Amino acid sequence: MRHAASKARRGSAAISRSGTHGAHSAKAMHVARPTKTGRHVARPEAADSMVAAVLPEVNVALAAKLNEVAPMTRRALRLQAKANQRRTVMLSSTALAALVGTAATALALTNANRANQLPLADDPTTTTQITRIGSDAASRSEFRESLSSTVPSASASDEGDNADWNLGSSNEVTELDNLSKSQANNPVVAQRMDQDRDVLPEGFNPNHETGNTPSRSYPYGQCTWWAYTRRAQLGLPTGSGFGDARMWSSSAKALGYWVDSTPRAQGDVVVFGPGQAGASGYYGHVAVVEEVHKDGSIKISESNVKGLGVISDRTFTAEEAAQFSYIHY
């Protein structure tokens, strides 16, 4: 008695696979046997027995393997593409994280090397407490000890010769009067105030308003023009709006100028009243003191006495000079 298995071995048997959408399972397998006419007829019952005899251990794992080698459906292709894409993203993220980690490590090592190259801190310093000395320790005398015995001479050799500087026998301050005590902003006024400090008016302010403004000026060639110009040459302030010559004394005094009847130095303005010493009976006259002599006489310079813009000079005795008014500074 022959078995079906032996017949299958002698004949040409074909194993086919079928299933929905390309999916395969063990139940879908069947064997086609040839007939006497040469055609193959599918026999499901025989296929089941054949599978059971030839492949006794067919299971789900084998079906999955068969699915891998079989043509894939569109859905399977889409799923595989998505899986590949996710795998690519994960690989890219992993590579980027590794690159960032490498860069951070290199930066940390570089900073560590730089830190090792920084200079060390300076050695700690010691603070010394300074004790204030009493006011009696400072000498305010006008005399100082000579430095000739303590300072080496400029002619001393590099070997340390004990020569002295030739600074004189004393450091005595002998010209205290040359030290200005005035707080005037104008240096010429400050010097004049030092000379006149014994006769200055009480509470005199050297930094008073001058009354000199660029918008005002005096007519060229007039006596007022020359007085203003000459004072500017000597560095003394003068108002540019004092008015007519007869008004100069009152205008200057109103601004804080020192005004009296005594000539004191070169540059003082001489104010003639109307008709005084040949002055105009209405406008008066002004001039500038050029010299003050020991006997009290003065020499002045003036304009418009001998012609418009002509500068001339005159001399007045002490008695005549005492009749005029003088603007100092």
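What is on screen is a predicted model, in which local features need pLDDT of at least 70 and side-chain atom pairs count only at pLDDT 80 or more, while totals for chains, interfaces and linings use all residues. Residues are numbered from 1 along each chain as its sequence is written, and side-chain values use heavy atoms, with hydrogens and water left out.

**The whole protein**

Of its 329 residues, 24% are buried, where buried means under 20% relative accessible area, exposed means over 50%, and partly exposed lies in between (1.4 Å probe, protein chains only).

**Helix 6**

Next select helix 6 (223-233), and colour its buried residues, which are Cys223, Thr224, Trp225, Trp226, Ala227, Arg230 and Arg231. An α-helix has 3.6 residues a turn, so residues three or four places apart point the same way. If you then display what covers these buried residues, the elements include helix 7, strand 5, strand 6, strand 7 (298-303), strand 8 (311-316) and strand 9 (325-327).

**The largest nonpolar core**

Now bring up Trp248, Val286 and Ile327, the residues with the most contacts inside the largest nonpolar core, which has 16 residues; such a core is a set of buried Ala, Val, Leu, Ile, Met, Phe, Trp, Tyr and Cys residues joined through side-chain atoms within 4.5 Å. Helix 6, helix 7 (248-255), strand 5 (269-272) and strand 6 (285-292) each supply at least two residues of this core, and helix 6 gives the most, with 4 residues.

Centre the view on Val286: leaving aside neighbours within four places in sequence, its contacts (heavy atoms within 4.5 Å) include Cys223, Thr224 and Ala227, together with Trp248 and Val271. A second, separate core of 11 residues can be selected through Phe272, Ala287, Phe316 and Tyr326, which are among its members.

**Strand 5 and its partners**

Move to strand 5, where Val269 and Val271 point one way, Val270 and Phe272 point the other way, and all are buried. In a regular strand the side chains alternate between the two faces of the sheet. Strand 5 pairs with strand 6 in the antiparallel sense over 4 bridges, pairing being assigned if DSSP finds at least two bridges between two strands, and here Val271 stands opposite Val286. Strand 5 and strand 9 also run antiparallel, joined by 3 bridges, with Val269 opposite Ile327.

**Aromatic rings**

Finally, show the aromatic side chains, among which the whole structure holds 12 aromatic pairs; rings of Phe, Tyr and Trp (its six-membered ring) pair if their centres lie within 6.5 Å, and planes under 30 degrees apart count as stacked, over 60 as edge-to-face and the rest as tilted. Trp225 and Trp226 make a tilted pair, 6.2 Å centre to centre with 50° between the planes, and Trp226 is buried, at a relative accessible area of 12%. Tyr282 and Tyr283 make an edge-to-face pair, 4.9 Å centre to centre with 90° between the planes, and Tyr283 is partly exposed, at 48%.
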